[in-house]
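Colleague: I would like to learn how to read the features of a model like this one, taking each feature in turn. Could you give me the general idea and then the case at hand?

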Amino acid sequence: AYAVLADVGQQQLNGQAYGGTKVQLALDDVKSLWLPIPPLPEQHTIANYLDRETAKIDRMASKVEEAIERLQEYRTALITAAVTGKIDVRTKN
């Protein structure tokens, strides 16, 4: 699965896709892909490494999404406070 998701796999799939408004692939197109197939133990090692690394990325993305949500809430609260006069946003000279 990782090999098909990689750039090389995607380029092959895109090169074989056909159709005007809806891209299609036939089973023969998928069967004709050229993919590296290392020995099974090496496949497991690679897949485990990629699973760990993508899990790290997923955790970081989740933290970023949470931070964005908090910032949006803060922005909303700040705007509300400014509009209702709870804070003075006028510049002082």
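Modeller: Let us start with a single residue, bearing in mind that this is a predicted model. Lys 56 is placed in helix α4, and with a relative accessible area of 39% it is partly exposed.

Colleague: Which residue meets the side chain of Lys 56 in a salt bridge?

Modeller: The general idea is to look for a side-chain nitrogen of Lys or Arg within 4 Å of a carboxyl oxygen of Asp or Glu. In this case the partner is Glu 53, whose side chain meets that of Lys 56 at 3.1 Å, N to O. Both residues belong to helix α4 and are three residues apart, so about one helical turn separates them. Glu 53 is partly exposed as well, since its relative accessible area is 25%, and the limits for that class are 20% and 50%.

Colleague: How many salt bridges does the rule give?

Modeller: The count comes to three. Another of them joins the side chains of Asp 28 and Lys 31, at 3.8 Å from N to O. These two residues are three apart in helix α3, which covers residues 27-31, and so they too are separated by about one helical turn. Here Asp 28 counts as exposed at 55% relative accessibility, and Lys 31 counts as exposed at 60%.

Colleague: Which residue forms a salt bridge with Asp 88, and how far apart are the closest N and O atoms?

Modeller: Asp 88 pairs with Arg 90, and the closest N and O atoms of this salt bridge are 2.9 Å apart. Asp 88 is partly exposed, with a relative accessible area of 44%, whereas Arg 90 counts as exposed at 64%.

Colleague: Let us turn to nonpolar residues on the surface. Which residues form the nonpolar patch?

Modeller: For a patch of this kind, one looks for nonpolar side chains within 5 Å of one another, in residues with over 30% relative accessible area. In this structure Tyr 74, Leu 78, Ile 87 and Val 89 form such a patch on the surface, and together they have about 390 Å² of accessible area. Val 89, one of these residues, is found in the segment after α4, and at 57% relative accessibility it counts as exposed.

Colleague: How much space lies in the largest pocket, and which residues are the closest to its centre?

Modeller: The largest pocket holds about 280 Å³ of space. It is lined by 13 residues, of which Ala 1, Tyr 2, Ala 3, Pro 36 and Gln 43 are the closest to the centre. The elements that contribute two or more residues to this lining are α1, residues 2-5, and α4, residues 40-83.

Colleague: Which element gives the largest share, and what is the lining by class?

Modeller: The largest share comes from α4, with five residues. By class, the lining of the largest pocket has eleven nonpolar residues and two polar ones, with no charged residues.

How values were computed. Residues numbered from 1 in each chain as written. Predicted model: local features only at pLDDT ≥ 70, side-chain atom pairs only at ≥ 80, totals over all residues. Heavy atoms only, no water. 1 Å grid on protein atoms, 1.4 Å probe; cavity = no way out; pocket = protein on both sides within 12 Å on 5 of 7 lines; lining within 4 Å. Points joined across faces, edges and corners; volume = space filled by probe spheres on them. Helix = DSSP H or I, 4+ residues; strand = E, 2+ residues; numbered from the N terminus. Nonpolar A, V, L, I, M, F, W, Y, C, P; charged D, E, K, R; others polar. Buried < 20%, exposed > 50% of the residue type's maximum accessible area, 1.4 Å probe, protein only. Patch = residues over 30% accessible without salt bridge, like charges linked within 9 Å, V, L, I, M, F, W, Y side chains within 5 Å. Areas by Shrake-Rupley, 256 points an atom, 1.4 Å probe, with all protein chains shown as cover.
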